[in-house]
Structure formats: structure tokens, C-alpha cells
Amino acid sequence: MPVDRYARWTGLAVGVLASRWLQPLNDGEGTLYAILAFGLCAVAGVLLGDALTAPRRGAVRTAGLTPRRVRDYVPPRMTPLLLGLAAALVVLLTAAAAVASPDDLGRAGRALTVTCRGVTQSHSPWPGLYYGLPILASLALSTAACGWSLRRIATRPGDEQSRRDRTLAIVAAWGLVISSSLLGAASTASGALMSTTCDGAVGTAANVVLWPLGLLALLTAPWCLFTIISPRATAWRGRRAGSSGTDRR
């Protein structure tokens, strides 16, 4: 499916160019928007490739009475992991917004300010509302677009393996948005906490959670990227009734 493949690669290439253009922005905004742009361009490339590729049709068969569902085609191991990472991202951004404060120029939601022993320390950037809202918006946009596409793939005509291949690619594109955003948010929050000495036990406990989350996102992102750029997007076989083989993802 060269059209599909070229569309995915084009999305990634545009994402790289957009990231390089946004990177020089100051105050941490460049890195934030570069991450979001790359993830959204990857999603757009996968969705465009799916839209441009006609479904493969197998031999004419009698349709079953059981309706096809999206959950029958998504990878059973990776999907719960990505859902967990998405939930962790939302919780992290919500907690960060709750404790965020204005920076030294009075701009709200951009810094972490703590006070101890009569000393006030402030560090920016911090993933408060200023940085968190664009991340949440990109997550909502990619989730809606990928969810619609998954529903479309599950219900349209085509062969079973093609549905699984395309579903996995879309899940991987959505996962790239989640993992890259979580990696950026967790590393930014951890860096701010480590730059202050007044965070105390709460900051230490937060880093105990943030470091594994960041590491998990760092490991998940390459899998998602490889799945998007690979020729078939998958070699695993489904687990629906009547399918053969062993699921390896």
C-alpha cells in the first residue's frame, strides 16, 4: 500500500519540519509546540493514508450477525497501556495546574513557586494551564479523530487482516501523541521540582512517580514511531473467533 505508506512518511516529515521551525521559540514554548506539532502531524499522516486507500476486498462471504466492534481490532496489550498513559497525562496536567503560579513577569500558569523558611523559590517552565491547555487540546483532537477513524475501519467493507493492520497504525499514531506529550510534561515538572530546595517530601514523592512515567513514555514512543513507519504496520494476528496465530503485541 504505497499511498498509505507515503502519507504516513509525509506526515512524519512535515512534523519534523514543523518541530524545527517551532523549536527556537523562547520560554519553553518551542519544545512544547514542537512536540505537539510532531504528534499531530503523525496522526494526520496516518489518517490521510487511511482515507486515500481503498479497503481490500476478499471473497464474497455470508455476513455474520455479530456486529464488528472497535475493541475486537485494537492491540489488546498496547491499548490498555496507552489508555493508562493518557489518564496519567490528564492527572499530571490537572495537578500541575492546581499548584501553578505566575512567572516573574506575572504570566499565569507558567511557574512553580514554593516557600520554606522564609525563602521563596520559583521555577519556570512548569506544566500549568498555560502549557497544559494546548497539550489537552491536542489530546482531545487526536482522540476524536482517531476514534472516528477506528469506528470507520471496523464498520466498512474489507478483509480482517487489513482492518487489524490499519487499526494498529492509528492506535500507534494516537500513542505517539500521548507518549511524547507525557514525556515532555513529566520531564518539565521533574526538572522544576529538582531545581528547587523547598519542595520537601512532596517533591520527592512526585519525582518518584514522574520518573517512571517519563521512562515508560520514552520507551513507548519508539514503538509507536516504528509501527507508523513500518511497511505493513503489524505482523500480529487477531484473537477473534475463527482467527489463527498468536498475538505478539
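A crossing of two helices is left-handed if the near helix is turned anticlockwise from the far one by less than a right angle. By that criterion, α3 passes α4 in a left-handed crossing. The model is predicted.

**Annotated segments**
- An unreviewed UniProt entry carries the annotation "transmembrane region" for residues 31-52, 78-100, 129-148, 168-189 and 209-230.
- In the model, residues 31-52 are 100% helix and 0% strand, with the end C-alpha atoms 32 Å apart.
- Residues 78-100 are 96% helix and 4% strand, and their end C-alpha atoms are 32 Å apart.

**Packing of α3 and α4**
- Helix α3 spans residues 78-99 and helix α4 spans residues 129-155; their axes come within 9 Å and cross at roughly 155 degrees.
- Because of this angle, α3 counts as roughly antiparallel to α4, the cut-off being over 145 degrees.
- Sorted by class, the contact of α3 with α4 comprises 8 nonpolar residues, 1 polar residue and no charged residues.

**S101 in strand β1**
- Strand β1 covers residues 100-101 and includes S101.
- S101 has a relative accessibility of 13% and therefore counts as buried, the limit being under 20%.
- Apart from neighbours within four places in sequence, S101 is in contact with R107, A108, G109, R110, A111, L112 and T113.

How values were computed: Residues numbered from 1 in each chain as written. Predicted model: local features only at pLDDT ≥ 70, side-chain atom pairs only at ≥ 80, totals over all residues. Heavy atoms only, no water. UniProt positions renumbered as here; feature names shortened; annotations may be inferred. Helix = DSSP H or I, 4+ residues; strand = E, 2+ residues; numbered from the N terminus. Axes fitted to C-alpha atoms, helices over the stretch in contact; angles between N-to-C directions. Parallel < 35°, antiparallel > 145°, perpendicular 65-115°, else oblique. Nonpolar A, V, L, I, M, F, W, Y, C, P; charged D, E, K, R; others polar. Buried < 20%, exposed > 50% of the residue type's maximum accessible area, 1.4 Å probe, protein only. Contact = heavy atoms within 4.5 Å.
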